[in-house]
Amino acid sequence: MTETQGHPHEGAHDHPQLGFWRKYVFSTDHKVIGIQYLVTAMAMAIIGGTLSLLMRLQLGWPHGKFAFLASLMPHAFNNKGEMNPDFYLSLVTMHGTIMVFFLFTAVLTGGFGNFLIPLQIGARDMAFPFLNALSYWIFLCSCIVIFSALLVAGGAPLGGWTAYAPLSALGEAVGPGQGTGMTLWITAIALFTVSGLMGGLNYITTILTMRTKGLSMMRLPLTQWSLLITAILGLLAFPVLLAAAILLVFDRAGGTSFFIPGGIYLGGKVIEHTGGHPLLWQHLFWFFGHPEVYIVILPAMGIASDILSTFCRKPIFSYKMMVYAMVAISGLSFIVWGHHMFVSGMSPFLGSVFTITTLLIAVPSAVKTFNWLGTVWGARIQFTVPALFSIGFVSLFVSGGLSGIFLGTSAVDIQLQDTYFVVAHFHLVMAIAPLFAAYAGLYYWFPKMFGRFMNGTAGKIHFWISFVGVYCVFFPMHILGIGGQMRRIYDPLNYQFLEPQQVLNVFISVSAFVLGAGQILFLVNFFVSIWAGRRVMENNPWKATTLEWETPCPTGHGNFGPELPTVHRWAFDYSVPGAANDFMPQTAPGVPAAAKQH
Amino acid sequence: MAELTQKQRRGGILPPPSDYGGGPRDSGGSFPISKAYLATWILLTAIIMLFAGLSSAYIVLRGLPEWQNITVPRLVWANTLILVASSVAIEFARAAVRKDQFSVVRQWLFVSGILGLSFLAGQIAVWRQLVKAGVYLSTTLHSSFFYVLTGAHALHLAGGICGLVVVLWRAFGNQLTAANHEPLKVWALYWHFMDVVWIYCFLLLLLA
């Protein structure tokens with residue numbers, strides 16, 4: 001395979017000129033597909049973010065009258081201009097689904113995975129470029145299907161992103177969105193699963209079989225390790241979700257009773273189903289759902305690690321441990337799903353087992369955090385925008401991770417289950433932290449994608465609004481949760497004991513709107529910079545070591561020149577004693593004199 | 001750049017950089033199996049997880065008091081034999097390809113394809129027999145699983161038939177040689193695997 005990879009005819013300048021459609025739309029070039037994933041996911045983020053702001057509007061000012069919005073969405077508001085509870089629940093469902101699948105999974109593995117894998121391993125493209133393109137187009141279909149759930153009669157599903165049965169299995173009888181909306185939800189998730197499998201198949205094959213000369217596994221940048229482990233996780237977790245979705249479809253359309261227990265009394269009559277088990281859905285869903293959390297966070301860890309090392313001008317602290325920690329986290333992620341179900345009537349003994357396995361994850365997570373701190377320790381940090389977002393990632397990962405120790409302990413979780421404490425925890429650790437890593441990655445690789453820089457000043461303003469904003473939004477939620485505010489609640493003022501806390505809800509909502517406005521700054525910066533940003537005049541503007549910086553900005557078709565690069569060292573040779581520069585690209589031959597002494 | 005002291009360079013606590021070896025031979029090219037073979041194994045892993053998900057649901061629901069077994073038509077035994085026979089035929093094809101006997105390869109591939117299609121036809125016949133006996137998808141949990149598991153397997157096997165068309169195409173172009181018959185190897189792996197999945201489903205549905 002190395003021979004074919006290095007074939008001179010595949011060089012950057014020998015490719016036939018492709019037309020606009022083949023080059024930018026129906027492309028099989030991994031970079032174009034990566035950018036397509038990124039932009040599509042950004043569009044989904046705008047939708048998902050807007051939905052969350054509508055939720056904050058309701059939570060900050062329940063019974064508020066929003067005449068303007070009511071005129072835009074008459075079905076969602078009553079004639080007094082107040083939001084309908086059904087609509088609020090569909091916001092919860094769609095916000096969760098869109099953000100977990102169509103933003104985070106898509107942007108980190110689909111976007112950065114596609115863009116970076118061949119570039120960082122010294123290959124010309126993915127192992128199966130056509131399959132790769134197909135994966136994107138199926139992903140786009142799934143985006144359209146999930147979005148259409150918002151538009152159909154009856155509206156979007158109401159049961160949350162976890163689609164718990166039997167609510168999800170009984171159809172329209174249990175709520176307007178559980179009919180067509182739920183069907184679209186299942187279809188979108190099934191399509192997404194298929195697309196993800198195609199992508200994962202490509203990632204694993206490419207990383208294992210197409211590394212260039214000298215690039216041993218232990219010389220891979222951590223981004224590549226994280227993408228490889230993520231792809232393996234996806235491969236093992238997504239088919240189980242697909243299996244659950246298949247059974248759910250049969251329950252809804254085929255009259256089966258996999259998840260529907262007998263004797264449910266609905267709409268004045270007992271429904272015909274007999275014999276199923278609603279908890280089965282929860283087991284299958286969370287067997288997928290917990291690894292999914294790591295499918296989101298692992299690439300974020302990899303990206304943040306590489307960027308931190310670059311801007312600290314220091315090798316990543318304890319590279320091997322970083323790799324082993326990721327492997328340990330992903331292995332453990334398959335035996336902790338029960339911690340989502342502590343209140344489901346689980347045997348206390350089993351609960352203890354899941355508590356132990358869950359708390360074990362704290363060990364590799366702490367190893368990683370220690371290593372990030374070790375990397376930053378004593379460094380002369382270059383505070384560029386990607387560096388800021390990477391540091392922000394570490395901060396948010398720690399803040400969100402610590403509350404995971406509370407929730408992973410069954411005795412505490414029983415008190416906090418389904419409160420805003422949970423909402424605070426998972427937003428910080430698996431939504432906002434990966435979001436920060438994704439921002440870090442976008443600012444960092446933007447020059448490689450488009451040949452221009454994003455505006456640094458606007459980037460720094462964006463960082464500070466986001467960093468302060470997310471803490472203002474999500475930190476008070478811990479207090480709300482301990483105070484008893486339930487997750488997915490439509491109107492906190494329904495409960496007298498929640499009234500004293502309402503001021504926090506208002507504070508969170510105001511902060512959320514400021515945070516949202518800050519993201520507009522990012523979007524403007526991103527799209528304006530594609531055409532009007534400062535041009536990048538060199539291949540390696542950040543003075544980084546990895547292979548993608550050997551190629552021009554933006555990288556041409558075929559990635560590398562006639563010869564593929566040969567790797568002589570690992571990806572973290574920063575500030576090597578005795579070296580002429582403070583970085584040594586992976587392609588730099590020889591070993592500097594000072595390093596030989598050790 | 002200002003000269004850093006040794007201590008500053010290392011951030012005070014870092015060990016000297018190490019690059020974990022690696023050499024010109026240490027590339028993706030030295031990976032022991034081919035891309036297509038690896039990709040097939042990855043696909044099979046996903047299929048294992050799909051059936052593992054379905055069978056874990058089976059095992060959980062099997063323990064409920066509402067569970068009622070159905071009588072599975074005897075024809076499935078014959079179908080099982082047919083599918084095993086098709087796998088055996090593939091091995092004859094592989095033995096022939098190693099001796100560059102092009103026409104023999106084609107014959108055995110045809111045989112395995114026809115046996116595969118017969119299996120699918122046999123499965124449809126089994127479903128029809130069940131329907132005739134009044135056992136539908138929603139009749140009992142056991143019948144639901146019977147249709148879902150056999151249906152999921154049949155779909156995967158139908159995908160295998162599509163793969164066979166590609167392999168046959170190569171065989172007719174005399175592109176399968178003793179030196180290079182990768183498509184046949186990959187397809188045989190998939191087909192044998194589907195055989196194993198079937199035997200697993202069969203045992204699960206009949207005995208468990």
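These notebook entries record what I looked up in this predicted model.

**Entry 1: the nonpolar core.** I began with the largest nonpolar core, which has 219 residues. I noted that A:Ala300, A:Phe393, A:Ala433 and A:Ala440 have the most contacts inside this core. I then looked up which helix supplies the largest share, and found helix α5 (residues 85-121) of chain A, with 22 residues.

**Entry 2: A:Phe393.** I listed the contacts of A:Phe393, leaving aside residues up to four places away in sequence. I found that A:Phe393 touches A:Ala300 and A:Ala304, and also A:Ala433, A:Phe436, A:Ala437 and A:Ala440.

**Entry 3: a helix pair between chains.** I turned to helix α8 (residues 222-253) of chain A and helix α2 (residues 35-62) of chain B, whose axes come within 8 Å. I recorded a crossing angle of roughly 45°, which makes α8(A) oblique to α2(B). I noted the crossing as right-handed. From α8(A), I listed contact residues including A:Leu235, A:Leu236, A:Pro239 and A:Val240. From α2(B), I listed, among them, B:Ile42, B:Thr45, B:Met49 and B:Gly53. I sorted the contact by class and found 14 nonpolar, 2 polar and no charged residues.

**Entry 4: B:Lys132.** I located B:Lys132 in helix α4 (residues 102-132) of chain B.

Key:
Residues numbered from 1 in each chain as written. Chains lettered and ligands numbered in written order. Predicted model: local features only at pLDDT ≥ 70, side-chain atom pairs only at ≥ 80, totals over all residues. Core = buried A, V, L, I, M, F, W, Y, C linked by C-beta atoms within 7 Å. Buried ≥ 20, exposed ≤ 12 C-beta atoms within 10 Å, placed from the backbone. Helix = DSSP H or I, 4+ residues; strand = E, 2+ residues; numbered from the N terminus. Contact = placed C-beta atoms within 7 Å. Axes fitted to C-alpha atoms, helices over the stretch in contact; angles between N-to-C directions. Parallel < 35°, antiparallel > 145°, perpendicular 65-115°, else oblique. Left-handed = near helix turned anticlockwise from the far one by under 90°. Nonpolar A, V, L, I, M, F, W, Y, C, P; charged D, E, K, R; others polar.
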